[in-house]
Amino acid sequence: MSQTPFHWPVRIYYEDTDAGGIVYNANYLKFMERARTEWLRHLGIEQDGLLNDGIAFVVRRVEMDLRRAARFNDALTVTVTVKMLKRASIVFEQEILDDAGLCLVRGEVVIACVDIARMKPFAIPEPLMGVLSGAR
């Protein structure tokens with residue numbers, strides 16, 4: 001499945017860095033999460049609406065390759081690309097790029113759709129699946 005990646009800007013704040021002045025590794029996951037949320041919002045999908053319907057997208061698996069460090073005040077871009085859309089999950093490829101377009105972090109994130117009450121996999125509802133399929 002290929003699509004034009006969604007892009008979301010991120011600025012690195014002092015609070016994002018560690019004692020060495022570089023972005024703390026777990027914060028890259030936060031930036032990726034925010035970009036996926038904004039991608040959904042761009043598609044007209046608000047996650048609080050999903051929660052009201054008793055379903056949620058939760059991270060099932062993350063694979064992250066840290067290639068280069070980002071530093072305080074860097075302007076970055078986080079990309080979101082759907083690699084695979086399944087019945088109850090989405091596989092994303094994400095990159096975090098510096099202002100020159102160099103890839104600092106590459107990740108694959110598997111998101112599962114779950115029934116919140118049972119915390120069990122749940123098929124992505126058809127109307128939602130239609131929107132997600134159209135975003136390819």
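**Talking through a predicted fold**

Biologist: Asparagine 27 has its place in helix 1. Why is asparagine 27 called buried?

Modeller: Happy to explain, and please keep in mind that this is a predicted model. Buried means under 20% relative accessible area. Asparagine 27 comes out at 7%, so the residue counts as buried.

Biologist: And what is asparagine 27 in contact with, leaving aside its neighbours within four places in sequence?

Modeller: With Glu15 and Asp16. Contact here means heavy atoms within 4.5 Å.

Biologist: Let's turn to glycine 134, which lies in helix 3. What makes glycine 134 exposed?

Modeller: A residue has to be over 50% to be called exposed. Glycine 134 has a relative accessible area of 65%, so it passes that cut-off. As for its place in the fold, glycine 134 is 50 residues from methionine 84 in sequence, and their C-alpha atoms are 13 Å apart in space.

Biologist: Why is asparagine 73 called partly exposed?

Modeller: Its relative accessible area is 44%, which falls between the 20% and 50% cut-offs, so asparagine 73 is partly exposed. You will find asparagine 73 in the loop between strand 2 and strand 3. Its phi is near 75 degrees, a positive value in a residue other than glycine.

Biologist: Where is methionine 119, and what is its phi?

Modeller: Methionine 119 is in the loop between strand 5 and strand 6 (120–121). Its phi is near 50 degrees, again a positive value in a residue other than glycine. At 53% relative accessibility, methionine 119 is over the 50% cut-off and therefore counts as exposed.

Biologist: Now the whole chain. How do you know that the chain is as compact as a globular protein of that length?

Modeller: First the layout: the chain has 3 helices and 6 strands, and read along the sequence they follow the pattern β-α-α-β-β-β-β-β-α. The radius of gyration is 16 Å, close to the 14 Å that the globule rule gives for 136 residues, so the chain is as compact as a globular protein of that length. Along its principal axes, the C-alpha trace spans about 45 × 30 × 25 Å. Residues 24 or more positions apart account for 67% of the contacts with a separation of 6 or more, and buried residues make up 40% of the chain.

Biologist: What makes a set of residues a nonpolar core?

Modeller: The members are buried residues of the nonpolar kinds, joined through side-chain atoms within 4.5 Å. The largest such core has 33 residues, and those with the most contacts inside it include Phe31, Trp39, Phe57 and Ile90. Helix 1 (25–42) and helix 3 (126–134) are among the elements that each supply at least two residues. The largest share, 6 residues, comes from helix 1. In soluble globular proteins, nonpolar side chains tend to be buried together.

Biologist: Which residues does isoleucine 90 touch, not counting those up to four places away in sequence?

Modeller: Isoleucine 90 touches Phe57, Val82, Met84, Leu85, Val109, Val110, Ile111, Ile124 and Leu132.

Biologist: One last thing: how do the residues of the lining of the largest pocket divide?

Modeller: Into 2 nonpolar, 4 polar and 6 charged. The lining includes Pro5, Met64, Glu93, Arg106 and Glu108. Strand 2 (55–66), strand 3 (75–85), strand 4 (89–97) and strand 5 (103–115) are the elements that give two or more residues to this lining. The space in the largest pocket is about 190 Å³.

Key: Residues numbered from 1 in each chain as written. Predicted model: local features only at pLDDT ≥ 70, side-chain atom pairs only at ≥ 80, totals over all residues. Heavy atoms only, no water. 1 Å grid on protein atoms, 1.4 Å probe; cavity = no way out; pocket = protein on both sides within 12 Å on 5 of 7 lines; lining within 4 Å. Points joined across faces, edges and corners; volume = space filled by probe spheres on them. Helix = DSSP H or I, 4+ residues; strand = E, 2+ residues; numbered from the N terminus. Nonpolar A, V, L, I, M, F, W, Y, C, P; charged D, E, K, R; others polar. Buried < 20%, exposed > 50% of the residue type's maximum accessible area, 1.4 Å probe, protein only. Rg over C-alpha atoms; globule rule 2.2 N^0.38 Å.
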